[in-house]
Every structure is written in C-alpha cells, then in structure tokens.
Amino acid sequence: MVIDNVVIYTEQESFCPGMVVTEQDKIKDIVRKDTKDYVEKRKAYLADEFQSFVDGKGAYLIPGMIDIHLHGCKGYDFCDGSLEAVEKIAKYQASIGVTTMALATMTLSVERLQEILKQGAAYCEKKERGENVTYADLAGINMEGPFISVKKCGAQNADYILNPEEALFWIFQESSQGLVKYMGIAPEQDGSLEFIRELKDEVRITLAHSDADYDKAKEAFEAGACHVTHLYNGMSDFDHREPGIVGAVYDSPEVEAELICDGIHVHPSVIRATFRLLGKERIILISDSIRATGMTPGEYELGGQKITVSEERAVISGTGTIAGSVTTLPEGLCYAVKVAGIPLEDAVACVTKNPARSLGIYEEYGSISVGKQADLVLLNKNLTVQQVVKNGHVL
C-alpha cells in the first residue's frame with residue numbers, strides 16, 4: 001500500500017513531506033520529498049498497478065498512538081474480567097488511532113485480579129493466532145493497585161489495599177503470562193523499599209496513589225522505581241516547602257511520568273510547566289479513560305464504585321473526587337497542542353516514541369521506520385484523526 005501526499009513524522013521528531021509504502025504488516029519504504037530520488041521513486045510507486053493507494057490530502061502521518069494507562073471505553077472496562085471486554089476496548093481504540101495499549105487494573109481482591117489478568121493473556125493468544133489483526137495490540141498491563149495508600153486511594157477501593165509482597169507480584173505475573181509491565185506502589189507502605197529492590201529488574205515500578213513526601217519518594221527512586229502514575233493526581237501536593245513526589249521526579253532524571261491532558265486533571269499552565277521541568281523525553285501522555293469514554297453522560301461503574309459523568313468530568317457519585325477520564329488519547333494530544341501550547345512534534349513523541357520505549361517495544365513500534373509495524377495515523381490540520389492503518393490494513 002502507498003500512502004501518498006502526507007507530512008511524515010520522522011525518527012528525528014520533525015515533519016517532512018513524502019510518502020510511506022507498506023507491505024503486509026510492515027513499513028517497506030519511506031520516500032521523503034527532501035531526497036534526491038524522491039521524484040523517481042514516487043513515480044515508480046504510483047505506476048505500480050499492484051499497489052493500493054491512500055491519498056493523505058496533506059495530512060500529518062504519525063506512528064500509531066500508544067496508551068499505557070487506560071481502563072476502558074464504550075461501556076467496557078478491563079476489570080469486567082471478560083475477553084469480550086478486552087476485544088471491545090481494543091477494537092474501539094484502534095478505530096480512533098490508538099493501535100497499541102497497556103490496560104490498567106483497579107484495586108480489587110487478589111482472586112479477582114487474577115481472573116482479569118488471565119483475560120489479557122487470552123486476548124494476546126488470539127492475536128498470536130492471527131485473530132483481531134485490526135484491533136489494538138495489548139503490549140502490557142499497568143497494575144494501579146493493590147499496593148497503594150489509603151490516604152490517596154481516590155477512586156480505588158480502599159477495602160482491597162495491601163502492603164506489597166513479592167510473592168503476590170509473581171502470582172499476578174503468572175496469571176497474565178508475563179504481561180504485567182507496570183506495578184503501582186506507594187513507597188510509604190510497609191515493605192515497599194524491599195519490594196522495589198527485589199523486583200526493579202522484573203517490572204517497571206511506578207509510584208501510584210501515594211502520599212509519600214519528597215524524601216520517601218527520592219528513596220524509592222534510588223531503590224529502583226522509575227515511573228510515576230498520572231503525575232499530580234493521586235499523590236502528595238507539590239508545594240514550595242514540601243515538594244512531594246513531583247519534586248522528587250524532577251530531581252531524578254531517570255524517572256518518567258504519565259500525564260493526563262484532558263482539561264480536567266491538569267491545568268494547561270501546569271502542562272506547559274511540566275514539559276519545561278522534565279523535558280519531552282520523560283513525559284508519556286495517557287488517557288486514563290474509563291468505560292464511559294465514547295458514551296453519553298450518566299451513571300457508570302469503576303472498580304465497584306458508582307461514577308457520575310457530566311460535562312466531560314467523571315467523579316465518584318455523590319462526591320467531587322475525580323474518577324478517571326472520559327477523554328481519549330488522541331483528544332489529549334490535541335488538547336496538549338491546541339490548548340496547552342505544546343509543540344506538535346513534542347506531543348507526538350509523548351504518545352508514540354516515549355511509551356514504546358517505556359514498554360520495551362521500540363524496535364517494532366513507536367516510529368515510522370522501515371521494518372517496523374505498519375501502524376499509522378493520519379491527522380488532519382485540526383489534529384483530529386482522519387484515517388488509521390493497523391497492521392497494514394486501512395480501518
């Protein structure tokens with residue numbers, strides 16, 4: 001397939017006019033307009049009667065987006081614990097341009113979490129058999145609980161919070177068949193630092209729903225934690241005298257941070273400040289989307305708790321506590337650029353390259369490079385999704 005008349009997002013994190021050629025599920029060639037043989041190669045590809053063509057109409061062509069933290073959409077949640085839920089989520093995500101994902105769990109009983117994780121493994125087995133080829137790939141699972149803090153549990157169910165235990169991590173990893181890529185932890189909980197030291201080479205340990213102060217968070221990072229779940233949300237405040245987890249992230253160059261850009265969780269001024277504080281290389285935009293995403297306002301459920309959605313805000317019913325997001329990752333990308341003023345080139349890296357590297361899949365995903373997965377998204381000049389290519393198939 002030839003995708004012509006597009007502005008390609010390059011490995012150098014810049015845009016260049018040209019065309020991209022795919023073969024089966026891989027990228028075969030990239031023909032940039034700024035190369036000497038552009039005219040000749042383009043003419044040859046356009047004359048190939050065996051090729052199918054897509055006219056990009058001047059759209060931006062970016063890699064398929066990667067969301068490393070979402071719970072659900074379109075009425076389904078990963079914690080429903082069914083293969084159908086995973087498939088419905090994956091189908092919808094691919095349709096909007098999120099071609100790879102890491103689904104997030106909630107704080108539930110160990111037995112319930114085991115059943116949920118098994119459904120993630122079952123979905124991957126179907127993909128390996130060649131089924132659901134146009135659905136989003138499940139590249140990992142982001143466990144947001146149960147090793148979190150009661151003080152900062154937010155929409156998580158405090159009844160199921162546990163102190164971290166290495167044996168429990170291996171139970172989760174066995175149930176998921178190795179899919180657990182992020183393990184949330186509150187470092188102030190008993191046994192946390194030992195847990196981090198023992199497992200830092202097995203999983204990316206992320207500070208999540210924690211009331212840790214600066215010193216405790218810094219200690220966790222020095223022990224091997226390397227990631228932070230939805231920066232600013234579900235954590236100690238960033239104050240000029242008590243900088244908390246946010247300050248510790250700034251002082252730990254090896255640590256990456258998730259950021260929700262939905263106009264609800266983080267003010268646009270703070271989004272801009274975060275890019276200056278951490279640099280685009282350390283930021284991963286996420287959706288944190290729940291089952292109400294893509295649905296109408298109303299009453300929903302999240303982790304066993306009732307959620308009310310109105311005017312694009314989701315809260316625990318009867319309270320003002322934010323309960324996830326109803327914004328998709330492509331919408332978050334658009335918000336970061338058009339409202340927060342983040343350069344498009346930087347924002348695209350934070351939904352493609354950075355999450356791919358975090359997941360350890362950059363050799364196959366996350367950039368438009370010859371030999372990589374033919375997962376591509378065309379964005380029009382308004383930054384809305386114009387067309388999606390998944391595994392070389394136009395959706």
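**Why is it called that?**

Biologist: Why does Lys 41 count as partly exposed?

Modeller: Lys 41 has a relative accessibility of 26%. Buried means under 20% relative accessible area, exposed means over 50%, and partly exposed is in between (1.4 Å probe, protein chains only). With 26%, Lys 41 falls in between, so it counts as partly exposed. One caution: this is a predicted model, where local features need pLDDT of at least 70 and side-chain atom pairs count only at pLDDT 80 or more, while totals for chains, interfaces and linings use all residues. Residues are numbered from 1 along each chain as its sequence is written, and side-chain values use heavy atoms, with hydrogens and water left out.

Biologist: And what makes the contact of Lys 41 with Asp 29 a salt bridge?

Modeller: The closest N and O atoms of the two are 2.8 Å apart. The term needs a side-chain nitrogen of Lys or Arg within 4 Å of a carboxyl oxygen of Asp or Glu, so this pair qualifies. Lys 41 lies in helix 1 (38-46) and Asp 29 in strand 3 (26-32), so the pair ties together parts 12 residues apart in sequence. Helices (H or I, at least four residues) and strands (E, at least two) are DSSP runs, numbered from the N terminus. Asp 29 itself, at 12% relative accessibility, counts as buried. Searching the whole structure turns up 19 salt bridges.

Biologist: How do you know that Lys 118 and Glu 115 form a salt bridge too?

Modeller: Their closest N and O atoms are 3.5 Å apart, and that is within the 4 Å limit. Both sit in helix 3, 3 residues apart, about one turn of the helix.

Biologist: What does the salt bridge of Lys 127 and Asp 137 tie together?

Modeller: Those two side chains meet at 2.8 Å, N to O. Lys 127 is in helix 3 and Asp 137 in strand 9, so parts 10 residues apart in sequence are tied together. Lys 127 and Asp 137 are both buried. Elsewhere, salt bridges that share partners link Glu 13, Lys 280, Glu 281 and Lys 353 into one network.

Biologist: Why are strand 5 and strand 14 called edge strands?

Modeller: The open sheet has 8 strands in the order 5-8-9-10-11-12-13-14, with parallel pairing. Strand 5 (65-70) and strand 14 (283-286) each pair on one side only, and that makes them the edges. Two strands pair if DSSP finds at least two bridges between them. Strand 5 and strand 8 (98-105) are joined by 4 bridges, so they pass that test. In strand 8, Met 101 is the bridge partner of Asp 67.

Biologist: Which peptide bond is cis?

Modeller: The bond from Gly 145 to Pro 146, with omega near 15 degrees. Pro 146 lies in the loop between strand 9 (137-143) and helix 4 (166-176).
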